[in-house]
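Visitor: Pick one part of this model and take me through it slowly, please. I'd like the close-up, with the terms spelled out.

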Amino acid sequence: MRNVTLTDVFTHPIAQKYLGRSGIAHAVSVAHHAFRLALEYEVNPDLATKAALLHDVGHYEWYTNGQWDYEKYRENDIHAIKGAERAHKLLIRLGEDPASAKEMALAVLLHTDSYLPEGHLDKNNLQKVVRLADEADEEPGGNHHYRKMDYDLALRKIQALDQKVADVLKKDQGYKKSS
Ligand SMILES: [Fe+2]
């Protein structure tokens with residue numbers, strides 16, 4: 001049983017506000033990659049796709065004199081931390097199971113290590129899936145954030161993905177709530 005669908009998440013005004021910053025096309029595409037990878041890694045596709053859809057909601061716009069400032073971003077970015085908190089708040093508000101919301105927030109938190117101190121971290125499969133899904137959609141120079149996709153097409157893709165997730169969960173009741 002799913003408490004919250006991708007469509008619920010995607011159409012929420014908070015998701016729309018923040019997904020627009022890092023690119024709806026990127027978010028939709030990473031969610032699709034996460035579905036494929038979730039089956040491969042035997043991770044619950046419901047959690048993987050929602051965490052993937054929300055993985056970049058923490059982006060802040062780093063501008064200097066009206067120009068995007070990559071250096072400033074690279075040095076100061078904490079989008080994974082902010083994103084984990086925003087994703088968690090939104091999921092809980094939508095009625096997500098708290099244990100699942102925590103799992104997804106952690107996957108958002110760890111989808112990049114660009115802001116983390118040096119060191120090795122043992123990631124679980126859900127966290128790996130979200131990270132690999134993000135990397136699968138990456139383009140040089142951060143161009144994946146600027147690809148355009150209009151809202152209607154994005155919504156249709158998200159609804160189609162919801163259907164695929166529901167089909168998998170119907171077939172296989174064995175997915176644990178968490179990863
Ligand atoms: Fe990303």
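Guide: Helix 3 passes helix 9 in a left-handed crossing (near helix turned anticlockwise from the far one by less than a right angle; clockwise is right-handed; helices are DSSP H or I runs of at least four residues). This is a predicted model, where local features need pLDDT of at least 70 and side-chain atom pairs 80 or more, while totals for chains, interfaces and linings use all residues. Numbering starts from 1 along each chain as its sequence is written.

The axes of helix 3 and helix 9 come within 10 Å and cross at roughly 15 degrees (lines fitted to C-alpha atoms over the stretch in contact, angles 0 to 180 degrees between N-to-C directions). That makes the two helices roughly parallel (under 35 degrees; over 145 is roughly antiparallel, 65 to 115 roughly perpendicular, the rest oblique). Helix 3 brings Ile 24, Val 28, Ala 31, His 32 and Phe 35 to the contact, and helix 9 brings Ala 154, Lys 157, Ile 158, Leu 161, Lys 164 and Val 165 (contact: C-beta atoms within 7 Å). Sort those residues by class and you get eight nonpolar, one polar and two charged.

Ala 31 turns up again in the largest nonpolar core, which has 45 residues (buried nonpolar residues joined through C-beta atoms within 7 Å; buried means 20 or more other C-beta atoms within 10 Å, exposed 12 or fewer, partly exposed in between). Along with Ala 31, the residues with the most contacts inside this core are Ala 34, Ala 48, Ala 51 and Val 108. Several helices each supply at least two residues, among them helix 3 (24-41), helix 4 (45-54), helix 7 (98-109) and helix 9 (151-171). Helix 3 gives the largest share, 10 residues.

Now follow Val 108. Leaving out residues up to four places away in sequence, Val 108 touches Ala 51, Leu 54, His 55, Ala 80, Gly 83, Ala 84 and Ala 87. Leu 47, Lys 50, Ala 51 and Leu 54 of helix 4 meet Ser 100, Glu 103, Met 104, Ala 107 and Val 108 of helix 7. That contact has six nonpolar, one polar and two charged residues.

One last stop is the loop between helix 3 and helix 4, where Glu 42 sits. Phi of Glu 42 is near 55 degrees, a positive value in a residue other than glycine. Glu 42 has 14 C-beta neighbours inside 10 Å, so it counts as partly exposed.

Key: Contact = placed C-beta atoms within 7 Å. Nonpolar A, V, L, I, M, F, W, Y, C, P; charged D, E, K, R; others polar.
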